[in-house]
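Please open the structure in a viewer and keep the selection panel at hand.

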Protein chains: 2
Amino acid sequence: MVKKPRQWAADEAYRHIRRRIFRGELAPGDSLIEQDLAAEIGVSRTPVRAALHRLETEGLVYASGNRRAMVREFAEAEVDECFELRALLESYAAGRAATAITPAGLAELKDLSTQMEAVVAEGGEEAPVKFATLNDQFHDGILWHCGSQRLRDLIKPLVQVQLVLMQRFRPHIEMHLQRSCWHHREIIAALEARDPAWAETQMRTHLLSAKNPAVDGA
Amino acid sequence: MVKKPRQWAADEAYRHIRRRIFRGELAPGDSLIEQDLAAEIGVSRTPVRAALHRLETEGLVYASGNRRAMVREFAEAEVDECFELRALLESYAAGRAATAITPAGLAELKDLSTQMEAVVAEGGEEAPVKFATLNDQFHDGILWHCGSQRLRDLIKPLVQVQLVLMQRFRPHIEMHLQRSCWHHREIIAALEARDPAWAETQMRTHLLSAKNPAVDGA
DNA sequence: AAGGGCCGAATTGTATACAATTATGCGGAA
DNA sequence: TTCCGCATAATTGTATACAATTCGGCCCTT
């Protein structure tokens, strides 16, 4: 039953390349040669090409016309840019979610919030990673309930790229988990109150705080 | 020297499929069978597949996993949604452009504005089409000068989809070309004055006016 | 020595054959 | 009749060969 020769070669290629970019083994500016990658992964060029396309749409890879694909080069300024664009879009989304979210949706968000607080209380080495996963789910949950798939699609690549950027430029940034938990509570409260303006400004505060995480006493 | 047998099959496939979607020959929900399209265009499946990927990232085509690609179905409500998202993003872009734009950039915008006014003054059957082309260049010009390639990439698909949506749901909408020209002048003035807030609100006005074009006396 | 054009190598673009997956329609059982 | 399962057809996924393009260096000219 070792019969999983390669059911999703394109997906495997995608994950493989993405992982190598995240780890920094493929540095920005490096050429991504289809044949080399194919040999390395053990598939043909076809799924590699599909993976590169996908990575390009997600903004991790740059390819112009017929020229070879390269790992996209990022400037540190783009970290802040991503935060600002996320603040713009996600605050708008939060405002819409305030009128559109269902009780079930609110329950999900509360559950995630509780889990995050538990992670923070527990602490430990793995806390930041666990927290980040739950945090992504929290933000994505709000996007699900804002009633606009298109808006959600706009934000997705921003989050994606931000992961690379943060790791490259600010790898050891302090997360201020406790402060984030408070923000999440505020956001949930605003959504529960069906107050778009409040939700919007809370979300903006939350994201722009992450941009400037150097406040004392948080 | 008839030597252009098929140098850019993928691009040709892309344009072909896109045109058929725009014309409504491929209706929303229709399956896009790679082999049929390939035979019709006269290329192999490979470039057709690339074209479909591209159309998918632009939001005109929907494809989930390995299932067949379909022409994306649009709801009329998405017309307004696109306008609102464009208003959100382009007003932000205009605000940034107010401080980032170069004199040369301003000159370009003024030139486009002048051309648009000439088209309106001239009138004729082709005026709306000519105007739309120049109008797109105007909006894209501002995005070029806002200093954020990422922001520009976010807006591009919105404009793209909007073209399909408008044609499908509001094909004979009145353009209010004269009013748009005034808006453009206002926007240019705001950029020239290096006033972000002014540029931002003028752009928002411009786009939300297009959303509700039923005002009298424009 | 600097610059431009040409040739070979590296790489991507396209076509096609085949494998894997998904969809469809039929037949049988409840 | 309705629903489930299975066989078969339709379609997409992958591999590979070949064509076209781009890249890089060398040589020739100035």
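Which residues are the closest to DNA strand C? They are A:Arg68, B:Ala9, B:Ala10, B:Val43 and B:Ser44, and they belong to a group of 19 residues that surround DNA strand C. Please bear in mind throughout that this is a predicted model.

**Stop 1: the surroundings of DNA strand C**

Helix H2 (34–41) of chain A supplies at least two residues of the surface near DNA strand C, and so do helix H1 (9–23) and H3 of chain B. Select H3(B) next: with 4 residues, H3(B) gives the most to this surface. Colouring the surface near DNA strand C by residue class will show 8 nonpolar, 6 polar and 5 charged residues.

**Stop 2: the surroundings of DNA strand D**

Now move to DNA strand D. The residues that surround DNA strand D number 19, and the closest are A:Ala9, A:Ala10, A:Val43, A:Ser44 and B:Arg68. Select helix H1 (9–23) and helix H3 (45–57) of chain A, then helix H2 (34–41) of chain B; these are the elements that give two or more residues to the surface near DNA strand D. Which helix gives the most to that surface? The answer is H3(A), with 4 residues. By class, the residues of the surface near DNA strand D divide into 8 nonpolar, 6 polar and 5 charged.

**Stop 3: chain A as a whole**

The secondary structure of chain A comprises 9 helices and 3 strands. Along the principal axes, the C-alpha atoms of chain A fill a box of roughly 55 × 40 × 40 Å. Chain A has 218 residues, of which 33% count as buried. Consider also the contacts in chain A between residues at least 6 apart in sequence: 74% of these join residues at least 24 apart.

**Stop 4: the sheets**

Select the strands of chain A. They form an open sheet of 3 strands in the order E1-E3-E2, and the pairing is antiparallel. Which strands of chain A lie at the edge? The edge strands are E1 (31–32) and E2 (61–62), each of which pairs on one side only. Zoom in on E2(A) and strand E3 (residues 69–71) of chain A, which pair in the antiparallel sense over 2 bridges. Here A:Tyr62 has A:Met70, in E3(A), as its bridge partner.

Then turn to chain B, where 3 strands form an open sheet with antiparallel pairing and the order E1-E3-E2. The edge strands of this sheet are strand E1 (31–32) and strand E2 (61–62) of chain B, each pairing on one side only. E2(B) runs antiparallel to strand E3 (residues 69–71) of chain B, and 2 bridges join them. Select B:Val61 to find B:Val71 of E3(B) standing opposite.

**Stop 5: a residue within helix H4 of chain A**

Select A:Glu90, which has its place in helix H4 (residues 77–100) of chain A. Is A:Glu90 buried or exposed? It counts as buried because it has 24 C-beta neighbours inside 10 Å, and 20 or more are required for that class. Leaving aside residues up to four places away in sequence, A:Glu90 touches A:His139, A:Ile155, A:Met203 and A:Leu207. For a distance across the chain, select A:Gly29 as well: the C-alpha atoms of A:Glu90 and A:Gly29 are separated by 30 Å, and the two residues are 61 apart along the chain.

**Stop 6: the two chains together**

Finally, display chain A with chain B. Their contact takes 10 residues from each of chain A and chain B. On the side of chain B that touches chain A, helix H3 (45–57), helix H4 (77–100) and helix H7 (149–169) of chain B each supply at least two residues. H4(B) accounts for the largest share of that side, 4 residues. The residues of this side of chain B divide into 5 nonpolar, 3 polar and 2 charged.

Conventions. Residues are numbered from 1 along each chain as its sequence is written. Chains are lettered from A and ligands numbered from 1 in the order in which they are written. This is a predicted model: local features need pLDDT of at least 70, side-chain atom pairs count only at pLDDT 80 or more; totals for chains, interfaces and linings use all residues. Two strands pair if DSSP finds at least two bridges between them. Two residues are in contact if their C-beta atoms, placed from the backbone, lie within 7 Å. Ala, Val, Leu, Ile, Met, Phe, Trp, Tyr, Cys and Pro count as nonpolar, Asp, Glu, Lys and Arg as charged, and the others, Gly among them, as polar. A residue is near a molecule or strand if its C-beta atom, placed from the backbone, lies within 6 Å of it. A residue is buried if 20 or more other C-beta atoms lie within 10 Å of its own, exposed if 12 or fewer, and partly exposed in between; C-beta atoms are placed from the backbone.
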